[in-house]
Amino acid sequence: MHSLTTTLAPCPKPCILPAQNKGAAVQKIPQVSDFAEITPSADIRVADHGWRAKCLQRLIRLDLPVPQTVALPAQTVRSIAAGHPIDVKAILAHFGPSALISVRPSPENPDWGGPGTVLNIGMNANRHKALIKTHGAEAADALYLRFVQAYATHVARLDPDMFEVSQASASALRDALQHYEREMDEPFPESAETQLSEVLRSMARAWEGTSARLLRQAKGAPEEAALGLVVQEMAQGIGQGISGSGVIQFIDPVTGQPLVKGRYLGQSQGRDALKNNEAIYLTRDKRGASLEDLAPEIFTDLVAFGAACRQRLREEMQIEFTIEDSKLSVLDAVKVARSARAGLKVAVALAEDSIISQNEAVLRVEPRALSELLHPQVNTNAARDVFAKGIAASPGAAVGRIVFSSQAAQASAARGEPCIMVRRETAPEDIRGMHAAVGVLTERGGVTSHAAVIARGLGVPCVVGASGMRLDAKDKRLISADGRVFVEGDLITIDGTMGEVLSGAAEMLAPALDDAFRKLLGWADNVRDIGIRANADTPADAATARSFEAQGIGLCRTEHMFFEEDRLVVMREMIFADTPTDRAAALARLLPMQRADFVQLFEIMAGLPVCIRLFDPPLHEFLPHSREGLRELAEALDRPLSEVMRRAEALAEFNPMLGMRGVRLGVVLPEIYAMQAQAIFEATVVLARKGTPVVPEIMIPLVSAKREVELVKTHIDAVAASVRVKSGVGFDFKLGVMVETPRAALRAGDIAQHASFLSFGTNDLTQMTYGLSRDDAGRFMNTYVQQGVFPEDPFHVLDVDGVGELLLIGAERGRKTRPNLTVSICGEHGGNPESIAFCRKAGFDYVSCSPYRVPLARLAAAHLALHDLNLII
């Protein structure tokens with residue numbers, strides 16, 4: 001619904017033309033006369049006359065009782081704003097000598113807003129006297145006063161407080177007219193021509209004003225966006241008999257469920273019913289009077305009008321109506337403003353009723369809007385006490401008590417108490433706490449920081465980079481920008497959709513994963529032409545991915561499996577092993593745990609492809625970072641603290657991201673990858689014996705040279721042969737590479753000789769291409785984007801010019817070597833509609849994203865396919 005708050009530009013007196021040279025003939029500027037009466041057959045176009053004019057024409061075609069209306073096209077409005085006079089006499093001729101009229105804005109898109117509606121144009125002393133006889137003095141005074149107030153404040157730009165009254169009356173009207181004359185040095189205009197001319201000029205100039213231009217551009221309007229105007233005969237809601245105004249709609253704007261909703265107010269005009277506490281209900285209601293009781297025939301007509309709009313306009317509309325002495329008029333109809341869940345519900349309902357096609361229903365739902373349906377949300381109608389703002393890193397909302405450590409989060413979850421984990425920034429050792437918490441808040445970080453990536457994978461609401469707050473970890477306090485202090489145990493609400501943190505427990509809305517949601521995504525799957533997989537690190541993640549109908553797992557980060565308490569101890573024993581034999585012994589204890597994980601993954605995915613990335617992070621990430629933690633580790637390993645500290649220092653790296661990680665671990669310590677490969681193949685055998693054959697996909701991380709792949713492939717092939725011999729079961733597998741370094745993309749032709757697939761890890765590839773740390777870039781990224789250094793945050797939106805070119809080079813060179821090479825992306829970009837568009841165009845086989853972004857990706861891919869289809873047609 002458009003905004004009615006834009007202030008009109010001042011033009012209190014007729015504009016005077018520039019003085020001519022003496023003796024020269026005065027050149028008369030021709031009047032603008034391009035306007036059209038809205039009839040069923042009139043040439044009314046949205047691009048010229050705006051959405052409101054076109055909507056009114058459609059209502060007229062439905063035989064709805066729309067008052068006589070004239071539409072001024074955008075070119076006419078521009079001419080008026082430039083100072084050209086308008087032929088108001090010709091416009092007024094359409095309405096008769098004594099009619100009162102209104103002027104409403106009609107931009108091309110209702111979301112762009114526009115100047116406020118002005119009612120009762122044509123009111124003057126004579127018309128006032130006539131209305132006293134037909135409508136009574138009280139109604140006549142109210143109508144005249146309303147117009148004087150609107151004209152004085154919006155057209156003449158006088159102080160609105162001067163015209164504010166508590167009750168319309170003859171004395172209030174007299175005072176208002178005197179105020180106007182005193183301030184303007186002239187009486188209030190009596191001529192309807194003057195009134196209409198000044199209102200049109202003021203509205204036209206208001207649209208061209210700088211503030212109005214900036215406001216609509218912020219809402220997505222192009223710089224050259226134009227305004228049409230609609231002049232309509234007034235249907236008086238003030239008068240004798242049943243008279244009043246109201247609005248009615250036929251769905252709940254939050255849920256989309258069928259529901260008659262709105263208000264009616266006797267002796268009123270415009271949208272007064274929505275602002276007045278004395279307005280009555282529409283349907284019969286035990287709480288008070290209703291229009292259905294007062295005027296059942298009129299109520300029945302309104303319901304019929306709503307049904308006609310739904311059927312013929314193919315939309316759920318809110319109807320603005322006026323009743324004058326029991327005569328019903330429809331003044332306007334706009335698309336019902338609605339939440340994302342209501343929008344999806346309406347689109348599916350319209351398709352099921354064969355009003356729109358299934359493909360159109362798919363196109364009517366914005367992919368990003370699905371985030372609101374997948375998670376609990378803060379009720380938009382509820383009060384919000386925001387004390388911190390940051391980056392909306394993972395959508396959804398949650399209420400919980402503050403905790404400041406992973407251990408506290410786990411303890412809180414064990415007690416059955418929901419908690420919000422607050423950290424300066426998260427590390428891999430915080431994963432267990434993130435699993436236990438219902439929400440995560442960090443002082444630092446960006447959209448691809450550790451906290452953001454893990455939270456999205458878990459489906460946990462997360463706000464990162466909340467730099468306005470200050471975290472006092474020592475005293476376990478959180479201090480907001482306005483000075484409020486929150487301590488451990490305080491109740492807060494985190495809104496990962498809006499990037500806000502609220503004090504106390506906000507009112508919540510449950511997720512909306514109902515039949516309508518599944519139907520729409522099923523229709524989307526019928527038309528999309530690129531695969532959608534999920535990044536899933538645990539069986540729980542895989543189950544979520546399966547529930548959202550992902551077509552497989554595109555990235556399983558196995559290192560996340562080692563942070564469970566029992567495995568972490570064994571993992572640390574392996575790290576501190578002195579010899580390969582000791583290291584192999586520790587890995588042998590991890591083998592059955594890994595095998596069980598993979599069996600679960602394969603069973604959950606039920607034959608769908610599962611791509612498992614071998615161990616990637618540097619080993620020091622599995623060690624405690626504090627002295628107290630190292631002391632506890634020394635006790636657990638029965639080693640001197642000094643030895644443990646020396647080993648930890650030896651493992652520390654100046655730049656871990658570029659250090660001993662990924663395939664480098666597999667080359668230097670091959671027994672780690674050998675253990676993982678054995679676990680994968682043994683799990684494959686387990687499934688084969690159960691009658692569910694699996695072809696696992698094994699992915700080598702951080703490759704930069706062909707020889708790295710050759711070395712790892714040799715070890716993995718040997719493990720596969722060993723498992724086949726020992727088990728007596730044959731199986732196949734695929735070996736591929738995760739392309740995360742620019743060199744791997746450039747040398748993809750060589751690497752593809754030993755890889756059946758390439759999956760681009762765009763998180764690390766973006767970091768290495770830009771030389772940026774994704775965890776630190778948030779400190780200056782806003783400045784860079786605002787000053788045009790980067791068009792968007794490259795960690796949030798795929799950089800198609802730089803990183804994208806590496807993807808294209810890698811895919812082209814890889815497929816030149818191996819034509820049947822499978823190509824995909826598995827970074828956080830995989831769930832972005834823009835990235836999916838790039839991958840489709842580049843001929844990628846699939847994208848992989850966090851489980852909770854799978855529905856968004858499915859719908860975005862369908863949008864892209866349908867848009868291409870429409871272009872072809």
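Hi everyone, let me start with the rings: searching the whole structure turns up 16 aromatic pairs. One of them is Phe 615 with Phe 622, where the ring centres lie 5.4 Å apart and the planes meet at 25°, so this pair is stacked. Before I go on, please keep in mind that this is a predicted model.

Are those two phenylalanines buried or exposed? Phe 615 has a relative accessible area of 0%, so Phe 615 is buried. Phe 622 comes out at 1% relative accessibility, and since the cut-off for buried is under 20%, Phe 622 counts as buried as well.

Staying with aromatics, there is a cluster on the slide now. Phe 147, Tyr 151, Tyr 180 and Phe 188 together form one aromatic cluster.

Next, charges over rings. Which ring does the charged end of Arg 533 sit over? That would be the ring of Tyr 846, with the charged end 3.9 Å from the ring centre. Arg 724 gives us another example: its charged end sits over the ring of Phe 731, at 4.6 Å from the centre.

Last stop, a pair of helices. Helix H8 covers residues 192–208 and helix H9 covers residues 210–218; their axes come within 5 Å and cross at roughly 60°. H8 and H9 are therefore oblique to each other. On the H8 side, the contact is made by Ala 206, Trp 207 and Glu 208, while H9 brings in Thr 210, Ala 212, Arg 213 and Arg 216. By type, the residues of this H8 and H9 contact split into three nonpolar, one polar and three charged.

How values were computed:
Residues are numbered from 1 along each chain as its sequence is written. This is a predicted model: local features need pLDDT of at least 70, side-chain atom pairs count only at pLDDT 80 or more; totals for chains, interfaces and linings use all residues. Side-chain values use heavy atoms; hydrogens and water are left out. Axes are lines fitted to C-alpha atoms, for helices over the stretch in contact, and angles run from 0 to 180 degrees between N-to-C directions. Helices (H or I, at least four residues) and strands (E, at least two) are DSSP runs, numbered from the N terminus. Angles under 35 degrees count as roughly parallel, over 145 as roughly antiparallel, 65 to 115 as roughly perpendicular and the rest as oblique. Contact means heavy atoms within 4.5 Å. Ala, Val, Leu, Ile, Met, Phe, Trp, Tyr, Cys and Pro count as nonpolar, Asp, Glu, Lys and Arg as charged, and the others, Gly among them, as polar. Rings of Phe, Tyr and Trp (its six-membered ring) pair if their centres lie within 6.5 Å; planes under 30 degrees apart count as stacked, over 60 as edge-to-face and the rest as tilted. Buried means under 20% relative accessible area, exposed over 50%, partly exposed in between (1.4 Å probe, protein chains only). A charge sits over a ring if NZ of Lys or CZ of Arg is within 6 Å of the ring centre and within 35 degrees of the ring normal.
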